[in-house]
Amino acid sequence: MKFTRRQLCGAVASAVPFSVLAQAQPKRKKLLAIGAVSGFQHDSVSNGLATIYNLGQQTGLWDTYIRTDTQLITKKNIGGNAKTLNYFDAVFFYTTGELPLTDDQKADLMSFIRDDGKGFIGGHSAIDTFYKWPDFGEMTGAYFDGHPWNQFDAKVLVEDREHPITKHFPATFNIVDEIYQPSKEFSRDKVRVLMRLDPAATDWARKGVKRADKDVAVAWVKNYGKGRVFYSTFGHREEVWNRWDIQTMYLEAVKWAMGMTEGSTAPRPVPAPAR
């Protein structure tokens with residue numbers, strides 16, 4: 001009796017115990033996505049959180065727990081069916097303002113990243129958060145220091161086209177979005193810049209420009225202790241989250257922050273202009 005290739009494959013699959021098949025599937029990671037706000041209300045928070053959720057579902061790589069409060073940012077057992085930081089592999093922040101975290105919660109979040117080696121992904125206004133908590137700014141790499149250009153057609157230079165987070169981008173591209181100016185705490189000695197504004201295509205005469213070095217990073221990575229940190233300014237406008245290249249950037253950022261891929265965090269100066 002002859003069997004087709006499909007019949008043979010089906011027979012093999014049916015002969016393998018379900019427990020073995022289940023073990024062959026990679027275990028989904030867990031992501032805590034926080035959209036808590038204590039300041040400016042971004043209409044695109046829903047778009048951002050939904051995009052992160054959908055990327056995890058579509059790829060099968062992680063499950064996203066979306067919260068608009070900060071209760072789960074703790075390592076203490078808080079009862080009921082509540083998950084805590086001990087359950088998660090990374091946190092995603094699309095937040096603003098001085099959120100209601102206790103000192104113990106702040107210590108747990110830093111320990112989660114720094115000591116446990118977990119990931120942090122910051123979208124757009126994540127650095128417009130916790131100005132009164134210096135450790136947060138040290139972890140993220142900078143605070144928000146205005147957006148002199150507001151929303152405009154920004155020309156972006158991709159500095160690192162080898163990193164998994166940005167290798168899908170061309171050398172330059174344009175995006176209409178609100179670009180944040182990193183604060184004076186920002187230093188290339190502490191982060192690896194992945195992308196920056198093209199200084200030759202940016203209006204430096206705008207009121208509020210403070211970067212005399214004309215170095216406005218729009219995405220970077222860094223280590224914080226054992227942990228991995230990614231931040232990007234992109235995501236103010238709702239339609240930005242629908243762009244394939246931005247979705248891919250955040251997809252790869254979550255994967256990298258969770259340790260599924262490798263990419264350098266070694267700081268480096270502004271690259272010399274291409275000849």
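Which residue stands opposite Val-91 in strand 4? Select Leu-32: this residue stands opposite Val-91. The model is predicted, with local features requiring pLDDT of at least 70 and side-chain atom pairs pLDDT 80 or more, while totals for chains, interfaces and linings use all residues. Residues are numbered from 1 along each chain as its sequence is written, and side-chain values use heavy atoms, with hydrogens and water left out.

**Strand 4 and its partners**

Select strand 1 together with strand 4; they pair in the parallel sense over four bridges. Strands here are DSSP runs of E with at least two residues, helices are runs of H or I with at least four, and both are numbered from the N terminus; strands pair if DSSP finds at least two bridges between them. In strand 6, Phe-120 stands opposite Val-91.

Now show the side chains of strand 4. Ala-90 and Phe-92 lie on one side and Val-91 and Phe-93 on the other, and all are buried (under 20% relative accessible area, with exposed over 50% and partly exposed in between; 1.4 Å probe, protein chains only).

Display the surroundings of Phe-92. Beyond its neighbours within four places in sequence, its contacts (heavy atoms within 4.5 Å) include Leu-31, Leu-49, Ile-121, Trp-241 and Tyr-250.

**Aromatic rings**

Phe-92 also belongs to an aromatic cluster with Tyr-94, Phe-230, Trp-241 and Tyr-250. Within it, select Tyr-94 and Trp-241: their ring centres are 6.1 Å apart and their planes at 35°, so the pair is tilted. Rings of Phe, Tyr and Trp (its six-membered ring) pair if their centres lie within 6.5 Å; planes under 30 degrees apart count as stacked, over 60 as edge-to-face and the rest as tilted. Both Tyr-94 and Trp-241 are buried.

Move to Phe-130 and Phe-136, an edge-to-face pair with 5.1 Å from centre to centre and 65° between the planes. Phe-130 counts as buried at 1% relative accessibility, and Phe-136 at 0%.
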